[in-house]
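Morning, everyone. Let's bring up the structure.

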Amino acid sequence: MSNSDLSFVNRRDWPSDKEEAAQLLKARWDYRWISASDARWADRPTPTEVIDAVASGWLPKSGRMLDLGCGTAEIAAWFAERGYEATGVDIAQGALDQAAKRHADLSRPIEFIAADLCTQTLPGRTFDILIDRGCLHQIPENLVADYVRNIASLAAPDARMMLFMKAFREGPVSDLLEEMELRTDWVRRIFAGHFALERALPTFLNPDNPKFPLPGMAFWLSRTP
Ligand SMILES: C[S@@+](CC[C@H](N)C(=O)[O-])C[C@H]1O[C@@H](n2cnc3c(N)ncnc32)[C@H](O)[C@@H]1O
């Protein structure tokens with residue numbers, strides 16, 4: 001398999017025109033978030049890797065955190081509960097509405113922003129911690145560089161980022177180690193010039209559901225000057 005084969009990242013039925021791809025991405029997520037029965041990706045606990053990174057001090061103990069493609073914002077809520085200034089961004093207003101309702105009782109409220117991170121930034125805003133669970137891995141291939149550039153513009157000079165992406169694909173996988181290496185190479189390559197990859201490990205995206213495990217990978221990234 002060649003290095004440019006990104007079929008492990010996303011399906012290939014996206015328009016080659018970037019504007020059309022962005023429109024389709026938004027339409028798909030808007031639809032998914034209003035058809036609640038299909039929200040398999042929602043309502044997952046904060047990854048243990050994030051909890052451990054805070055405990056070890058790899059992630060700062062306070063500051064501004066950004067939950068990228070936050071969905072129902074469980075991760076943003078986890079940080080807000082611990083006194084961080086937490087912001088959740090999502091392309092789908094339907095997701096943000098559900099998240100706001102779900103976390104209405106937090107003593108430190110989450111800030112919610114509707115934005116497409118492939119085509120928009122948040123002018124004047126920077127964050128110390130960025131977490132992406134399940135957003136990058138479904139961005140159309142021709143928008144990945146825009147997404148990375150936009151989220152890098154939101155990272156403070158010494159920001160740290162944790163990325164969680166799927167490590168499965170449709171159809172059988174013959175060599176798990178090769179699958180992991182492919183993803184690690186890809187992440188290192190797309191973040192080059194913005195973030196340095198410090199660590200990459202296998203994980204499960206849904207540890208709360210061991211009956212149907214979704215293999216994933218966790219990445220630890222540091223903003224480069
Ligand atoms: C698989 S869900 C993960 C949700 C959440 N991060 C979690 O772990 O529960 C992906 C989320 O990314 C959002 N999303 C997809 N593309 C986006 C984009 N270009 N900009 C912002 N959010 C996006 C979707 O609406 C969806 O809520």
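**Salt bridges, pair by pair**

Start with Glu74. Its relative accessible area is 18%, so Glu74 is buried, the cut-off being under 20%. Keep in mind that this is a predicted model.

Which residue does Glu74 meet in a salt bridge? The partner is Arg102, and the N to O distance is 2.7 Å. Arg102 sits in helix α4, residues 93-102, while Glu74 sits in helix α3, residues 74-81, so this pair ties together parts 28 residues apart in sequence. Arg102 is partly exposed, at 39% relative accessible area.

Next, the wider picture. How many salt bridges does the structure hold? The count is 10.

Now take Lys18 and Asp146. Their side chains form a salt bridge at 3.0 Å, N to O. Lys18 belongs to helix α1, residues 18-34, and Asp146 to helix α5, residues 144-152, so the bridge links parts 128 residues apart in sequence. Is Asp146 buried or exposed? Asp146 is buried, with 11% relative accessible area. Lys18 is partly exposed, at 39% relative accessibility.

One more pair: Asp30 and Lys26. This salt bridge spans 2.9 Å, N to O. Where do the two residues lie? Both are in helix α1, 4 residues apart, which is about one turn of the helix. Asp30 is partly exposed, at 27% relative accessibility. Lys26 is partly exposed too, at 34%.

Back to Glu74 for a moment: 18% relative accessible area, buried.

Technical notes: Residues are numbered from 1 along each chain as its sequence is written. This is a predicted model: local features need pLDDT of at least 70, side-chain atom pairs count only at pLDDT 80 or more; totals for chains, interfaces and linings use all residues. Side-chain values use heavy atoms; hydrogens and water are left out. A salt bridge is a side-chain nitrogen of Lys or Arg within 4 Å of a carboxyl oxygen of Asp or Glu. Buried means under 20% relative accessible area, exposed over 50%, partly exposed in between (1.4 Å probe, protein chains only).
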